[in-house]
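Hi everyone, thanks for making time today.

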Amino acid sequence: MENLLSSFVIANNEKCTGCRACEVACFASHNKDKVSHTVGSVSVPITPRLYLVRLEDTCMPIQCKQCEDAPCMGSCSASAITKVDGVMMVNEKLCYGCKTCMMACPFGAIELLPHTNGQETKILAYKCDRCIEDSEPACIKACPHEALRFVNPNEEAKDKKIKAAMALRLTV
């Protein structure tokens, strides 16, 4: 049986300018009911499922790498993180903000943020879900510098093998 790896979004820090278009697009994609026309009309905090890290001479978005043996899922005592169609998802109804997933993530890709549902506000885990409801992650579509790309490890491994076989064939 073939081991299929999950696809994920990866950033190129040499192309990223820190414009935050990816963060705004992520928020808008996940809050279609709360965003009327422009970000300026939003009355809730902007909470993207990725976040930008700035260092002195570089910056890049940090987001979930959809690990095969996901430490976040294994550490979640509420079983709020599950794999659905190759994507690690947080079930907001089960999450109670214990922080174990955030501490277990080797990429620092999970944040705990306030979530208001009606009158109740509670702390929940937020992480990239690859915009599973859309055809392509919103962050990739929004990036004006093409610093983000969708990676399918299975296809990339296949392409690498084909290129190696072609190179070997040319030398024979």
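Arg 49 is buried, with a relative accessibility of 16%; buried here means under 20% relative accessible area, exposed means over 50%, and partly exposed is in between, with a 1.4 Å probe and protein chains only. Before I go on: this is a predicted model, where local features need pLDDT of at least 70 and side-chain atom pairs count only at pLDDT 80 or more, while totals for chains, interfaces and linings use all residues. Residues are numbered from 1 along each chain as its sequence is written, and side-chain values use heavy atoms, leaving out hydrogens and water.

So which partners does Arg 49 have? Salt bridges with shared partners put Arg 49, Glu 92 and Asp 129 in one network. By salt bridge I mean a side-chain nitrogen of Lys or Arg within 4 Å of a carboxyl oxygen of Asp or Glu.

Take Asp 129 to begin with: its closest N and O atoms with Arg 49 are 3.8 Å apart. Arg 49 sits in the loop between α1 and β2, Asp 129 in the loop between β7 (120–126) and α4 (138–142), 80 residues apart. Helices are DSSP runs of H or I with at least four residues, strands are E runs of at least two, and both are numbered from the N terminus. Both Arg 49 and Asp 129 are buried.

Glu 92 is partly exposed, at 32% relative accessibility.

The whole structure has four salt bridges, one of them between Glu 23 and Arg 20 at 2.8 Å, N to O.
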